[in-house]
Amino acid sequence: MSAFSLYIPSVYANISESMIKKTFHRMKIGRVNRAILVPQSSSKHNKVYVYFEELYTTDAARNMVDEIQNEKTARLYYGRIPHVFWVLLENRRVLQANERE
């Protein structure tokens, strides 16, 4: 699969870029190049722009892309309890040259 990016409108402020990268790998979605966290007016949440280096060729990755492209939204259930998830949307923000690793 080719490179892909997405937008997460809200994650808890204690979630780091490293944690986001590990979560998408653990969930068999893909390898994240950058996850740019942007603080919101509430100090409890950040919004996140996720830029993948590669998407894995797994059912989980294909299903996520299909949901975002067809339904305009998807959910990634990353915890052990069913109400813990991130809302995933299409990302329209271009990664700037100075933001690349």
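Leaving aside neighbours within four places in sequence, Leu-6 is in contact with Phe-24, Val-48, Tyr-49, Val-50, Phe-52, Met-64, Ile-68, Leu-88, Leu-89 and Asn-91. A second, separate core of 5 residues includes Ile-36, Tyr-49, Tyr-51 and Leu-95. The model described here is predicted.

Start with the chain as a whole. Its secondary structure comes to 2 helices and 5 strands. Along the sequence these elements follow the pattern β-α-β-β-α-β-β. The radius of gyration is 13 Å, close to the 13 Å that the globule rule gives for 101 residues, so the chain is as compact as a globular protein of that length. The C-alpha trace spans about 35 × 35 × 25 Å along its principal axes. Among contacts between residues at least 6 apart in sequence, 60% join residues at least 24 apart.

Next comes the interior. Buried residues make up 37% of the 101 residues. In soluble globular proteins, nonpolar side chains tend to be buried together. In this chain the largest nonpolar core has 23 residues, and Leu-6, Phe-24, Met-64, Trp-86 and Leu-88 touch the most other members. At least two residues of this core come from each of strand S1 (5–12), helix H1 (17–26), S2, strand S3 (45–55), helix H2 (59–71), strand S4 (74–77) and strand S5 (85–90). S3 gives the most, with 4 residues.

Not counting residues up to four places away in sequence, Ile-36 touches Lys-47, Val-48, Tyr-49, Tyr-51, Arg-93, Leu-95 and Glu-99. Of these, Tyr-49, Tyr-51 and Leu-95 are included with Ile-36 in the second core. Leu-95 is 59 residues from Ile-36 along the chain, and the C-alpha atoms of the two are separated by 9.2 Å.

The chain carries 15 positive and 10 negative side chains. The centres of these two sets lie 6 Å apart.

Note on methods. Residues are numbered from 1 along each chain as its sequence is written. This is a predicted model: local features need pLDDT of at least 70, side-chain atom pairs count only at pLDDT 80 or more; totals for chains, interfaces and linings use all residues. Side-chain values use heavy atoms; hydrogens and water are left out. Contact means heavy atoms within 4.5 Å. The radius of gyration is taken over C-alpha atoms; the globule rule is 2.2 Å times the number of residues to the power 0.38. Buried means under 20% relative accessible area, exposed over 50%, partly exposed in between (1.4 Å probe, protein chains only). Lys and Arg count as positive and Asp and Glu as negative; His and the chain ends are not counted. The place of a charge is taken as NZ of Lys, CZ of Arg, CG of Asp or CD of Glu. A nonpolar core is a set of buried Ala, Val, Leu, Ile, Met, Phe, Trp, Tyr and Cys residues joined through side-chain atoms within 4.5 Å.
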